[in-house]
Amino acid sequence: NYGLYLDNCSSNIRRCHIQNNQGVGIVLVNGSSPNLGSLEDYGYNFIGNNDSDNYQLSNNSGNSVSAIGNYWQWNNPITIDEHIFIISKKLKVLID
């Protein structure tokens with residue numbers, strides 16, 4: 001039911017369409033630290049229409065994640081943040 005479920009993974013993810021999943025689009029657990037895009041190498045991923053438009057990314061990994069240069073279905077950073085679930089407020093998902 002997920003688009004990507006990453007368990008202890010540190011892959012570079014580029015130019016993917018992660019959409020129309022019943023569950024969360026991307027789930028990160030157990031130390032996963034994928035690079036979904038950086039300032040030097042944008043992700044160009046489409047992440048949207050997942051989980052009935054609730055959470056597009058769930059970060060339960062224990063690590064901050066870089067996800068710069070992606071399309072998140074919304075253009076407003078505040079709205080994008082509302083659709084990213086982070087288990088700890090100390091962690092961050094960098095979107096721009």
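Modeller: A disulfide is counted here as a pair of cysteine sulfur atoms within 2.5 Å. By that criterion, a search of the whole structure, which is a predicted model, finds zero disulfides. Cys-9 takes part in none, because a disulfide needs sulfur atoms within 2.5 Å and the nearest cysteine sulfur, that of Cys-16, lies 12 Å away.

Cys-9 has a relative accessible area of 18%, so Cys-9 is classed as buried, the limit being under 20%. Cys-16 has a relative accessible area of 27% and is therefore partly exposed, a class that lies between 20% and 50%.

As for confidence, the mean pLDDT of the chain is 90, and 95% of the residues reach 70 or more. Strand E1 (residues 4-7) has the highest confidence in the chain, at 97, whereas strand E9 (residues 93-94) has the lowest, at a mean of 74.

On strand pairing, E6 (residues 57-60) has parallel partners. Strand E3 (residues 26-29) pairs with E6 over four bridges in the parallel sense, and within this pairing Leu-28 has Asn-59 of E6 as its bridge partner. Strand E8 (residues 84-86) also runs parallel to E6, joined by three bridges; here Leu-57 is partnered by Ile-84 of E8.

Note on methods
Residues numbered from 1 in each chain as written. Predicted model: local features only at pLDDT ≥ 70, side-chain atom pairs only at ≥ 80, totals over all residues. Heavy atoms only, no water. Buried < 20%, exposed > 50% of the residue type's maximum accessible area, 1.4 Å probe, protein only. pLDDT = per-residue confidence, 0-100. Helix = DSSP H or I, 4+ residues; strand = E, 2+ residues; numbered from the N terminus. Pairing = 2+ DSSP bridges.
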